[in-house]
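Please look over the sequence and the structure shown here before reading on. A short briefing comes after them.

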Amino acid sequence: MGITQRARGVLRRRDPEATIPPGARNVVFGPALPDESTVHLVLDLGLRIGEVQMASGAGASDVTATIIAVVNAYGLPHCEVDVIYTSITVSCYRGTELPPITSLRVVRNRSIDYTRLADVEDLLRRITANELSAAEAYAELDRITTAPHPFPRWVATVAWAGMAASLAVLLGGGGGGVMLPVTAAAATALVDRIGRLLNKRALPFFFQQAVGGAVATSIAVTFYALGWLDNPQLAVAASIIVLLSGMTVVGSMQDAITGYNVTAAGRMAELALMSAGLIAGVVLSLYIGVRIGGDTMAGLDATDIGRAQVLAPALSLSLQVLAGASTSACFALASYAPPRPLLVAGIGGAVAAGMHAVLMLADVHTVLAGAVATTVVGFVGGIIARRLRIPSLVIAVSGVAPLLPGLATYRGLYELSVLGSPSGATTLMLAAAIGLALGAGVVLGEYLAQPVRTRLGRLERRISGPRLSGPLRPTKRRLD
């Protein structure tokens, strides 16, 4: 072929897109994947691991990172994950010639078991290290999720009671006598057993919270009327904190900060609904108690928080540190935490309570004091947890427990329902601000701990965002 003919061919050549017949398109071939049954197995494996994390209060970003790490480890590089709090969806891309494979799992059970979470975290490390096949990992996960709790249920009841007693001591500054922690412990143990019976009857959790708040308040008010208890406010406040402790604000703040707004809204809505049930129970009990008690109940003044005067400030600080450690350890025990996370959770509670007490002595506002204290807990816990192979979530949620605004919540309820004072709304807003500050502080502390974990000399490594569960480093996702 001559030069002239070649030149004419180049001039006549058209754009390849223009040569495509109408209605046709280019074909994009997806990645080489295992057989279809294996793909389904891997997707279900990732969904079930994410379900355990969601049930334990992990954030949507942690669940997403975990599922992507699992499917990538078994040869599924192009997967999209959608977490909306009540369900998890995973879709595997297979190119334009084949439809994607999509799996969905609804998160129904939200029973916290930190032993199960720790076992799943260990399984995840083995999966990402390519130590297990997909079938072996699925069998191991089935064993973990079907295993009974590590100790009997009555141990959890005792732990809840111990948490309430510790909170009563913490709120009272070591004063109030023996009856204050005993009353709080007895009321909480009774509420836990009643709640277990109601749960077997499938009563909605909103009404369980209302019954729990009414029972705890009734016991404290009755003991006050009989002259056995001087500070019923603190006993009720301790019970309120125990009832609210399972509905963590840490996951809500993590979802909001990391951009999972739908999941954050769902968590906040559930927290608000459960709090409303608790408020209904407490207000109903207070109203009936005042109506029945008459003059006997007139001395129940919301402005008097019942804090005893401790002669030695150092003793007060040491008591608050010990009570904070006991509160967090009891919460972790009630959530079926293994021995090592149990000890670390106690340390986190001691740090939170001690830091908060020091800041309050320095006249720092309670909202800022709570945020700073939990930031320190999140920072220290984020460093220690990964070295000890403990989920950071255990330390974060347990460390927040001693600082939950139960007393402020009780004050607001009493002012609104009994005293009829509009200042109760302001007090309740303060309680909400404290709760949000606690959750934000933990997430910020975990975020600040990441450069330390990845060594200060390698700050150019991409930070993956606050990680309280799942893989620490983000999995590289291929977009081609």
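The model is predicted.

**The whole chain**
- The protein chain has 480 residues, and 50% of them are buried.
- Its secondary structure consists of 17 helices and 3 strands.
- The accessible surface of the chain is about 22300 Å², and carbon and sulfur atoms account for 63% of that area.
- Of the contacts between residues at least 6 apart in sequence, 74% link residues at least 24 apart.

**Strand 1 and strand 2**
- Strand 1 covers residues 79-83, strand 2 covers residues 87-92, and the two run antiparallel, joined by 5 bridges.
- Cys79 in strand 1 has Cys92 in strand 2 as its bridge partner.
- The two strands form a hairpin with 3 residues between them, and in this hairpin Tyr85 has a positive phi near 75°.
- In a regular strand, side chains alternate between the two faces of the sheet.
- On strand 1, Cys79, Val81 and Val83 make up the covered face, while Glu80 and Asp82 make up the uncovered face.

**Leu322**
- Leu322 is part of helix 12, which spans residues 313-334.
- Is Leu322 buried or exposed? Leu322 counts as exposed because its relative accessibility is 58%, and the cut-off for exposed is over 50%.
- Leu322 and Ser166 are separated by 156 residues in sequence, yet their C-alpha atoms are 8.6 Å apart in space.

How values were computed: Residues numbered from 1 in each chain as written. Predicted model: local features only at pLDDT ≥ 70, side-chain atom pairs only at ≥ 80, totals over all residues. Heavy atoms only, no water. Helix = DSSP H or I, 4+ residues; strand = E, 2+ residues; numbered from the N terminus. Buried < 20%, exposed > 50% of the residue type's maximum accessible area, 1.4 Å probe, protein only. Pairing = 2+ DSSP bridges. Contact = heavy atoms within 4.5 Å. Areas by Shrake-Rupley, 256 points an atom, 1.4 Å probe, with all protein chains shown as cover.
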